[in-house]
Amino acid sequence: MSGRIGRRAFLGRAMAGMGAAALAGCGAGGPLPAGSGSTLESTWGDPTGDGRLRVLAGEPLIARAELSAPAADVGVLATFAHLTDAHVLDASSPARVPFLRRLGPPFTSTFRPQESLTAQVLEGALTAVRALGAELVVQGGDLLDNDQGNELSQARSVLAGGIVTPGSGPHRYYGVQLASDPDPFYYRPDVDAPRHPGLLQAAVRPFLARGLGLPWVPVLGDHDILVAGELVPTPVTRALAVGDRALWELPPGLTLPPGFRLQATSSPDGPPAPGSVHEFLIRALAGPTVRVPVDLTRRQLTAGEVVAELRTAAAPTSTRTGDRLDYAVDVGERVRLIVLDLARRGGGSGGLVVAGQPAWLAGQLAQAGGQWLIIVSHQPLAESAAGGELLSLLDRSPQVLATLCGHTHRNRIAPRATAAGGYWQIETASLIDYPQQARALRIVATAGGGVAIRTWMLDHVGYGPLGRISRELAYLDAEGGRPQGFGGGRLDRNVVLYRRAAVRS
Amino acid sequence: MSAPRSALALALEGLRARRRRAVLSGLGIAVAAATLSVSVVIGYGLGTGFHRATAAAGLPDVIVRFDPQAAPRVAARIAALPDVARYALRLEVTNVGIGARGHQRGDAVAEVLDAPGTHQGYAVLSGHDLGDRGSDVLVEQGLASAWGLALGDPFYVDGLGPQRVVGFAEGPDDVGYPLGKPRFYLSRPAIDAQLGAQADPRVDLAEIWLRNPAYLSEVLVQARATSFGLHDIRFATRSGLRILIDQAAGIVIDLLVALSLIALMTAGVMLAVSARAEVQRRLGAIGVRRAVGATRAYLTVAHALEATLVALPAASLGVLLGGLATVAPAGRLETMLNEPAPRWALAGPLLLAWLAAVLIPSAGAAWPAWRAAGRPVARLLRGADVASSGAGATTRGGVPGSSPRLRGGLVALGARMVAARRARLAVTIATLGLSAAFVLLLLALASELSSLETDPGALGKRYALTAALPPSAAARVRRIPGVLAAAPRYEVQGADSFDLGETIDVIAYPGDHTTFEAPALVSGRRLRGGREAEVGAGLATALGLTEGSTLALALADGSELRLRVAGVVSSLDDDGRVAYIPASALLGPEPAAPSAIAVVLAPGADVSTVLAALTRLGAAPTPVSTAVGRGVPLVDVLRTILRAIAIVDGLVCLYALVQACALTVQERRPAVAVMRAGGGGVGAIVRLLAGAALAIVTPAAVIGVLLERGVLGPALSHLAESYATLPLGAGPAEILAVLAGLALVAAVAVVSVALDAAREPVIRGLAT
C-alpha cells in the first residue's frame, strides 16, 4: 500500500484529528489568549500555584538601564524573532533512550510527557512569529532532537509549509506512551492524568503547515547533528534508528557512575559527558528490548548532511567555507547577525570554539562599520570551551549590541559591561520545555545615537488544542521547565535593553 | 377563659385523670427518644468522624512512604511537583521500646518529625506541640488513654532515655492504639540537640498538602515519574487512608450508622402508633365533648397539648439517657480510630432528635384527634375507630360473633379481638417485625464481629485451611466430608518491572479465585481471561494502574508477565500490593511455583474432622491465621454499643406489645368484664391476651426473619462489601434467640396488662 496521502484523505484525517483532539479536551476556559501570541497582550501563568495554566494579562516592557540610561526611540532599525530548541522529534524512534530519564539529572530530557507534539508546537510558534511582522527569523539551533532524517524533513516542512506527517513507521506512533506500556514512569495520555484519550493518534495525524513565509537563518545545535545531542552516530545507533528493536525499560542494574552529576553550566537537553549515553546504550542493549516497526526514514544524518540542508535556508553575506555553519547576515541596513557554529563534531552537547573561529569572528567585527552586531550561537559563549576567547573579542568591539543563544532552555538576560560600551547577553527559552516561548526582538535607534532592544516573549498559538495540551503537560512536568525556572524572571522576558552610542577608540 | 388556655386546662385535666396511662405513654416516648438519641450519637459521631479528624489534624492529601532517603533530596523532588502547597517530612521508626506508668511495649512507632511545625498531619488535643529543643514527646491519644498518661509524665524511649510527655495528639492517617501500634512523635532537631546532629539525616515519609486536591491524580503521575532512585514507594491518598481505616473499623461504623437509621425509623413509627393509640382510647370522651359543643380545633389542640406535656419530659429524659448510654463507648471507638469526639457538635443533632421525639407524638395525637373529632358524635360515642373500620370490624367493642365461648377458646378469642382492628394490627405487626428484624441483624452482626477476630473469610478470604499437598491432591481433598471447595493456591513474590522496588504478592488459582478469595472490587470487574489480573488498591496507586492498563510482573526467575488489569480490589495484604492472576498465566513462566491446597469448609463443618482427614492424606493443614489481630478491643467496644442498641430495641418491642394488649383490653372492656363476671380470673385474661399477643408476634416474627434475611442483611452486606465479605443473614441460632426474646416480651406484656385489667372493678367494665 502506498504511503502517499491524497488531498481528500488528508483533509479527512486532519479534520478527524482535530475532532479527536477537541474531544480529548484541553482545559480551555476563561479568557482567551492573544491570537498574536505576544506576551505583551496576554500570557500564561499559574497564579494560584495549583498546576493549571490560565490566561493572564500581558507583561509590559520594563526598561533595563544597566548599560545605558533610557532614551527616546527615534526609529526602528530591525525586527526579527528568535525561536530555538524546537527539538522536533520522532517519538517513535527506537534510537531514543527515554528509559534514562529515571536515572534523573542529567538524563531528564530523554523523555518528556509532551514530546509527541513538537511539530505542532513549532507550527504554533511560527503563527506567532508571522503575526509579529518580522523581517527574518533566527532558528537558534536544536531544530531536531535526535539527528534523524525524518525529524529534519518534518521540521523543514513546518518551516516551509505543506503537509507535515509526524512520527514514523506504519502506526506513526509506537512508543513508550502507549496505554499498553505498563511502565509507570512514562506519562501515558490514555490512562494517566491529565487524561487525553486519543492524544497520541491526534499527534501523529498529518497536518497542513502554513509555513513561515519569511527568511530564516539557521544556527546549528548539538541535537541537530548528534544522537541525543551527545553522540556522534555510530553503527550501533544507526542500526537502532532504522531497526526493529527499541529500548523502553531501564535495564536491570544500570545506574549512574559515582560522582556523575549535572553541572550548573550544562544544558538541560543532554548529559554533559560525551560517551556516557553510548556506554549506557551498549549496556542496555544487552537487556530486554521491544520489537517496533522498521522505518528507514529515521536514518541518522552526518553533520555535513545537516549543515548542507540548513545552509540552503540561510542568506549569508559572509560564510566560512567547509562544513561549519558560521556566517553573517544583515537585518535591515543597520543590524548584522553573526552566526557561530559551536556544535561539537566529535560528540558532546557543550559548545566548542574551533581553530579559525576567533580569527573569522575578529574579521567580521572589523568589517562591521557602523552596523550594530548581534552574535548568535546555539550554546552560550561563556559556557563553551574556549568561548572566553570570543568574548574577549566582543568585549573590545563597540559595535556589539548583544549575544543571542538558546541551548539552556531558559529565558535570561544579563548585561556585560565593557570599556567599549558593553552588550546584552540574551538567552531564549526552548519550544519543547515550559514555557515554550520564542523571543521577539526589535532594534530601535534612540536619541543621542544610542540603540535599544525591545524584546518580548511570544507564546505559541496552538494548532487546535494540541499546542495547548503540550504547554499544559510541559508545565506539569516535574522535571521540566516549571520547577527549573526556565521561564526566568520579569527582567528576563519583556524588557527594553538600552545601549549607548558606539564610541570608536 | 381563652380557647388556648382552656385547651391547656383540658390537657392538664386529662393528664391528671389518666396518670398511669400518661406515665406509660411517657415511657414509650422516652424509649423512642432514647433510640433516637442513640442513633444520633452513633450515626452522627461515627459517620462524620473521619471528616472531623481530617479537618482537625489537617490530614495531608497524599502520604508517600519510601526507603530512607536524605531529606534534602526528597524535599527537592517534592518541591518540583505541581500543585504542592506545603509538605512535611518524617522518619517512621518501628519496633521502638517504650515505657510509662508501669506499661511497656517493644513495638511502638516513633514518628520523628524532620522540621516540627504547625502542619504535621496530626491534631494536638492537649498540651503543646513539639519544638526544636527539649526531651519532649507527643503521645497519641489512644495510647495516652490506654496507659492513663498525663501531661508532664516521664516517657521512656529506648535509645533516647526518659522523655517528657508534653502533649496528646490524634493523627488520622492510621487507627490508634490499641487498634494500631502505640505511636508517638519526636522532634529531630530536639534529638539532634540532645545527641548531636546526624551527618546524613534520613526521612522515609512525606506528607504533601495540595493547593487544589482536585488535581491529585496529576500530582501522583508526576510523583511516580520523578520517583527514580526511591524504592519501596507507597502512596496513600486521603481517600485511600479512609479505605485503610475503614478496613479496620469502617464496616462496623457503616453498619452502626445504618442500624441507627433503622432504629430511627422504628422509633418514629412507634411514637406515631403510640399517639394514635391514645386518641383511640379516648374516642368516647371526644364524642362527649363534641356533643356539648367543643369545636374540632379545640379538641385537636387539647390532645396535641396533652401529648406534648407528656412528651416534653419524656423526650428530654430519653435523649439524655440514650446519649449517656452511648456517648462513652462511641467516644472510645472514636479514640481508637484517631478521630475526635464530636463534643458540642452533637448538640444540634441531639436537639433535632429531641424535637422529633416531642413533635412526632404531638402531631401523632393531633392528626387522629382532628380526624376523630370530625366524625359524627353518635359514632364517636359508640367508640368507633379513628380510621374507617373494615368489613370485619365490629362496633362498640363488642365480641366478634355471638359469644365469648366460641371455638378455640380464649386464646382464639383474643386473636380474633386483636385481628378485628386490621389497620392497627398491621401497624403493630410492622413495628414489631421491623424491631425483630433489627435485633436479628444486631445478632448477626455481633456474630460477624466475632468472626472478624478469627475468621479470615470476613476480610475477603473464604478458605479456612491450607494443606501442604501437591496440586494434584485437590480432587481428593474435595471429597473430604465438610469440604465445600478445594484448589491449589499458588503464591509467589514478584516485583514491578521498573525498579520501583515494589514487591508484589502474586496469588493464582486455577479457576474462579473468588470461591477462595474475594477481596471487594474497588473498580473494574473480576478477571475472566487467562491474561488478566486483579490488583490491590495499593499496587494500583503505586504503579498507576487502572482498569485496562497493563501490569508487568517480574518473577523471581527473571521472567516477566504482562497482564491486562481487569479490576482493582481492596485488600489488606501487604498494603494492598497484591495481584490475583490465573494459574495458567503464572505456571507458564513458573511451572514449579509453590502452592498449597486452599480449603473452603462447608457451613457447619467440623474443622477438627477436616483437619484430621487432611492429616490422614499426609498434609500438614494450617488454619488461616487471623486477618485482624488488633480487633479485639474494637470488638469489645462495638459489642457495648450493640448491646445498648439491642436493649433499647427490646424496649421498643415490649412497649409496642404492651400498647397493643392494653388497647385491646381497653376496647374490649365489656367483653373482658362479662368474662370476669362469669368467673374468669387473671388466668382467663392472660389466655385472652396471649391470643392477642400471638396474633401479633407470630406474623411479626415471620416478617422480621424474612425482612432480615431478604432485605436488611443483604443490604448491609452490600454496604460492607467495600471492606469485607460479611454474610449478615441471620442463622438458626439468632432466629431462635429472637423468637425466644419475642415470646418473653409478649409474656411480660400479657401478664402486665392482664394484672392491670384485673384490678379494674368488673362493674365499671360492664357499665361501659
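## Helices, sheet and loops: worked exercises

H10(B) passes H11(B) in a right-handed crossing. The handedness follows a rule: with the near helix turned from the far one by less than a right angle, anticlockwise is left-handed and clockwise is right-handed. Helices (H or I, at least four residues) and strands (E, at least two) are DSSP runs, numbered from the N terminus.

This is a predicted model: local features need pLDDT of at least 70, side-chain atom pairs count only at pLDDT 80 or more, and totals for chains, interfaces and linings use all residues. Residues are numbered from 1 along each chain as its sequence is written, while chains are lettered from A and ligands numbered from 1 in the order in which they are written.

**Exercise 1.** Determine whether H10(B) and H11(B) are roughly parallel or roughly antiparallel.

*Solution.* 
- Take helix H10 (residues 296-336) and helix H11 (residues 347-373), both of chain B.
- Their axes come within 7 Å and cross at roughly 155 degrees.
- Axes are lines fitted to C-alpha atoms, for helices over the stretch in contact, with angles from 0 to 180 degrees between N-to-C directions.
- Apply the classes: under 35 degrees is roughly parallel, over 145 roughly antiparallel, 65 to 115 roughly perpendicular, and the rest oblique.
- The two helices are therefore roughly antiparallel.
- Their contact has 18 nonpolar, 7 polar and 2 charged residues.
- Nonpolar covers Ala, Val, Leu, Ile, Met, Phe, Trp, Tyr, Cys and Pro; charged covers Asp, Glu, Lys and Arg; the others, Gly among them, are polar.

**Exercise 2.** Which strands stand at the edges of the open 7-stranded sheet of chain A?

*Solution.* 
- Read the order: S3-S20-S19-S18-S4-S5-S8, with mixed pairing.
- Two strands pair if DSSP finds at least two bridges between them.
- S3 (62-64) and S8 (216-218) are the edge strands, each with a single partner, so one side of each has no neighbour in the sheet.
- The twist averages 25 degrees from one strand to the next.
- Now look inside: S4 (residues 73-83) and S5 (residues 136-139) run parallel, joined by 4 bridges.
- A:Ala81 has A:Val137 in S5(A) as its bridge partner.

**Exercise 3.** Decide whether A:Asp142 and A:Gln436 are buried or exposed.

*Solution.* 
- Set the cut-offs: buried means 20 or more other C-beta atoms within 10 Å of a residue's own, exposed means 12 or fewer, and partly exposed lies in between, with C-beta atoms placed from the backbone.
- A:Asp142 has 31 other C-beta atoms within 10 Å and is buried.
- A:Asp142 lies in the loop between S5 and helix H3 (149-160) of chain A, with a positive phi near 55 degrees.
- A:Gln436 has 34 C-beta neighbours inside 10 Å and counts as buried.
- A:Gln436 lies between S17 and S18 of chain A, in the loop, and its phi is positive too, near 50 degrees.

**Exercise 4.** How many residues of chain A are in contact with chain B?

*Solution.* 
- Contact means C-beta atoms, placed from the backbone, within 7 Å.
- 26 residues of chain A touch 28 residues of chain B.
- The chain A side divides into 13 nonpolar, 5 polar and 8 charged.

Notes
Two residues are in contact if their C-beta atoms, placed from the backbone, lie within 7 Å.
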